[in-house]
Amino acid sequence: MSGFRLETGGRIDRSQSVQFHFDGKTYQGFAGDSLASALLANGVMLFGRSFKYHRPRGLVAAGSEEPNALISVNRGPGRFTPNLRATGVEIHDGLKAFSQNRWPSLAMDFGAINDRLGMFFPAGFYNKTFMWPRSFWDRVYEPAIRKMAGLGDAPTAEDPDVYASTYAHCDLLIIGAGPAGIDAALGAMDTNKRIVLIDEQNELGGGALADPTLWPWLERSVKALTDAANVTILTRTTAFGYYHDNFIGAVQRLTDHRPEITDTPREKLWRIRAGEVVLAQGAIERPLVFDGNDKPGVMLSSAAKVYANRYGVAVGKAPALMASHDSGWHDVFALAKVGVGISAIIDVRESVDSALVHEADRLGIPVYLNHAVVGVNGRHGVSSIDICDYSHQRVHRVEADALLMAGGWTPSVHLWSHSKGSLKWRDDLGAYVPDVPNENVHCVGGCSGDWDFGTGAVIDMLPTPKDQSRIKAFVDFQNDVTAKDIKLAVREGFRSIEHIKRYTTNGMATDQGKTSNLNGLQIASSALNKPVPDIGLTSFRPPYTPQTFGALAGHAKGALFQPTRTTNIDSWAQAHGAVFELVAQWRRARYFPKSGEDMHAAVNRECVAVRSSVGIFDASTLGKIEVVGPDAAEFLNRMYTNPWKALEPGRCRYGLLLKEDGFITDDGVSARLAPDRFHLTTTTGGAARVLNMMEDYLQTEWPDLDVWLTSTTEQYAVIALQGPNARKVLEPLVEGIDLSAEAFPHMAIREGTICGVETRLFRVSFTGELGFEINVPTAYGRAVWEQLMAQGAQYDITPYGTEAMHVLRAEKGFIIVGQDTDGTVTPFDAGLDWAVGKKKPDFVGKRSMARPDIVAPGRKQLVGLLTDDPNLVLEEGAQIVADPNQPIPMTMIGHVTSSYWSETLGRSIAMALVAGGHDMMGGTLYIPMPGKTHSAKVSGVVFYDSEGARLHV
Amino acid sequence: MILIHCPYCDEKRPEIEFANAGQAHIARPLDPSGQSDADWEAYLFIRANPRGRHHERWRHTHGCGRFFNAVRDTVTDKFETTYKAGEPRR
Ligand SMILES: [Zn+2]
């Protein structure tokens, strides 16, 4: 009834038998077989069920354009790959492959009922039918559709394979190693060009692999190219995308065909930059559109030739040919030559080259000109075909066990289109061919429309006397789109092929319409009565064939997905049980739980330690910029809101940075080390952004200023020592600095040594307590930290994390840019007008502070909130209303930005941005939450030591 | 991936080394306080959105760090030219 292995021929190794499995059944093939050829040799015609109608489907093609034979391969736990084309899977001993989209089995599929109900599944069916009721979509329609209409199952286990990636550069990249690509490589081989030749198949040759007369030439050519030192050959490598400036992405499959190898990368992603590209992708044969053209056993005639000559497999004992193009005749002559009996040649044309007819006569093949197939009999295979004699409008039956289609050729312009090269329509080919390049690239061979396949008639679908409404003539096999669907789309008013495509889904399957786009265009063209170029062509987009996420991700997964920045002290925190959080790619200790403590208990203990004795905190992640030069003070004066020129060396200042629109973008304490040298600090997340902004102004607005900016974030480890006992801990370790309150006041900087290491010692506080920030060269961070821990033991020195730091600063009303501000907060909104130099004629953002919107009343302003229930901690982000009894939707006047339990105060505290908040002091606001509405009194933002007495000791 | 010519390094480098920095040739007024609200609004917010030739700023962030100007075609994404900051508009 179907395919079988020929006695001789093919490029398979008949001495090497291979045992593999398909749907649990064991089969034999030979080394060199594809899964498709090996199953065909075993008489298997049924490869899968179609997407929408669950119709039985077999092989259409022999290459990567195959739309039907999608299968899954299971290589073990986590190594399950769905939606592979059986034509591209090489068999090996133990291969486990499975058909898809069928239940309970391939031959007996319940979903096939969709086929009988086909009249209910026209184009746009999903859009039209499942509109109502809306609530049914999530619960009923979508789950049912997903179960019925699917490709392979997505893998569930984590992929244990490793994927490599590399960059390559070459003078000449040739994509496609058929005769045209090999000729291009041979022609350039003797130059000194670095050449890369890539092909998606397991051996070079392309179309030549199916033509034994070319094999001697192929062998010589491959040897010459392999021996050439300047030629790199990549087989099993798919150039999937063509990007700007001759940048090509390709995936090389390394081990799927060699299951004994498990310890090297499975695939390799190549990013190739080429001086010049030659595209030799070839052409894809076009199916013909007629009733029953999707039956298993109906396939491209060129594919039948590939199976016979390359794999030694006949697609049937008596196949027939349905042609509109000469190439099909040559294909069946080749089949006859290897002993396949051809039952008939049917050609839709009234006349063909007489040499073809003579050859058919000589081989004894019946020829039917001006005829066409109008029906295919047999359900899971072909048993006979019905052909119509157009001159007499008579239908008669021809026996055949397979049917070959020869509908002409479509140049493979996918990569050319990725590169944005333009296309031109050729009426004689019924196809688009490359026209004007957009990169340094040209096409050779089949993909340029240059071929010796003969000529043919361009035809949208085979005319039939049957009732049009009762036939299923498929255009897109993978998405189950019929000619009728396209005509329906046109009737419903769609005019552009881009719209027709989306409405019918023609060409939108995983094969991107390799076999269907041109037929779809021709049918739309006829229905609209417009020439094809007026309807357009849909765009090809990468990837040319589906690629694995593994290959695209490479090593960038898990811990390597993005870099984690760690401080010199991080290892100490790790060893002492810190719980970490990520802050702008930095790994920061969030809190240090003692045994039995939860976060709440640990944070409370850490906060109390800072307020009552001394705490120690790793602040190394603070952004740091060294600003140097004669104009350094002038530059900072222009950048920050504050005045800087009068700041004496040895003193620090809180700096507030706005964007030109007047909104706060960063802040930090900075120190003047010398008249021409400042040590700036920025927020942890803002370091790179602030440096970029400063460079921008320095380079492009004020290039006359003599200033140099250097990022020093990673040059210093910073240890914050905070609490009433901080000075006592520090004193014995520091040399060259008088730590007394008189000699070293709050907001000052001194240089000296600590534990013998050079330090820039800041007296600053983000907690409201007596505090120091000890800057030492990064490499000494942990050593100094450990000395401080040892020295502080007598005061029960307590390491604290970012969570306690947040609570401590909130108790003092210190903002965190990005948490208490959101890019729409001005200094006045944040209550920071004291930090704005009113007398300065200009600074970045100054003019905007007088913009109409910014001086208008009703802006959101930062206030404190004290809940009426002191034990209630509000949720950060919770919305605030003035009147809890107003109808829903309520008018929201602000939101909570920071909210904590303060162990020091024995109650909760919060900050919020509230419209007109500065004028609401003492008033009550409401925070509606699920189940309960909370109330809170508006307050200032400083909850603890508002006179600052604890700082100045 | 586009190659961009840095006029300071005088080399074509992959685009991942660069960052776009908005429309070019918009100078900060020398006396912002003297600007009317309308003029200041235009300086801050109003930008061209041309189809075709577009003058824009780029920074060779992961290279020399310099800001420079470029003419890029917004339809084809091709760079016509790049030149140093401060040089006249091309
Ligand atoms: Zn540069």
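## A tour from the zinc site to the cores

Start by selecting His60(B): this residue is buried, at 2% relative accessible area (buried is under 20%, exposed over 50%, partly exposed in between, with a 1.4 Å probe and protein chains only). You are looking at a predicted model, where local features need pLDDT of at least 70, side-chain atom pairs count only at pLDDT 80 or more, and totals for chains, interfaces and linings use all residues. Residues count from 1 along each chain as written, chains are lettered from A and ligands numbered from 1 in written order, and side-chain values use heavy atoms, without hydrogens and water.

**Stop 1: the zinc ion.** Show the zinc ion with its protein donors: Cys6(B) (SG), Cys9(B) (SG), His60(B) (ND1) and Cys64(B) (SG), 2.0 to 2.4 Å away. Donors here are N, O and S atoms within 2.8 Å of the metal (3.2 Å for Na, K and Ca); water is not among the atoms, so sites may look incomplete. The 4 donor atoms make angles of 107 to 116 degrees, and the site is tetrahedral (all angles between 85 and 135 degrees). Along the chain, the donor spacing reads C-x2-C-x50-H-x3-C.

Now select Cys9(B) and His60(B). Cys9(B) sits in the loop between strand 1 (3-6) and strand 2 (11-14) of chain B, and His60(B) in the loop between strand 4 (53-59) and strand 5 (67-73) of chain B, so the pair ties together parts 51 residues apart in sequence. Strands are DSSP E runs of at least two residues, and helices H or I runs of at least four, numbered from the N terminus. Cys9(B) is partly exposed, at 32%.

**Stop 2: the interface.** Show both chains. The contact (heavy atoms within 4.5 Å) takes 27 residues from chain A and 24 residues from chain B. Select His244(A), Gln699(A) and Arg847(A): they supply 29% of the area that chain A buries against chain B, more than any other three residues.

Stop 3: Move to strand 6 (residues 70-74) and strand 7 (residues 80-85) of chain A, which pair antiparallel over 4 bridges (pairing needs at least two DSSP bridges). Val73(A) has Thr81(A) as its bridge partner in strand 7. In the turn, Gly76(A) has a positive phi of about 115 degrees.

**Stop 4: the cores.** The largest nonpolar core has 60 residues, with Leu35(A), Tyr307(A) and Trp329(A) making the most contacts inside it. Such a core joins buried Ala, Val, Leu, Ile, Met, Phe, Trp, Tyr and Cys residues through side-chain atoms within 4.5 Å. Helix 1 (residues 35-41) of chain A gives the most to this core, 6 residues. Finish at a second, separate core of 42 residues, including Ala619(A) and Cys652(A).

Conventions
Four donors count as tetrahedral if all angles lie between 85 and 135 degrees; four count as square planar and six as octahedral if opposite donors are over 155 degrees apart and all others between 65 and 115; anything else is irregular. Buried area is the accessible area (1.4 Å probe) that two parts lose on being put together, summed over both.
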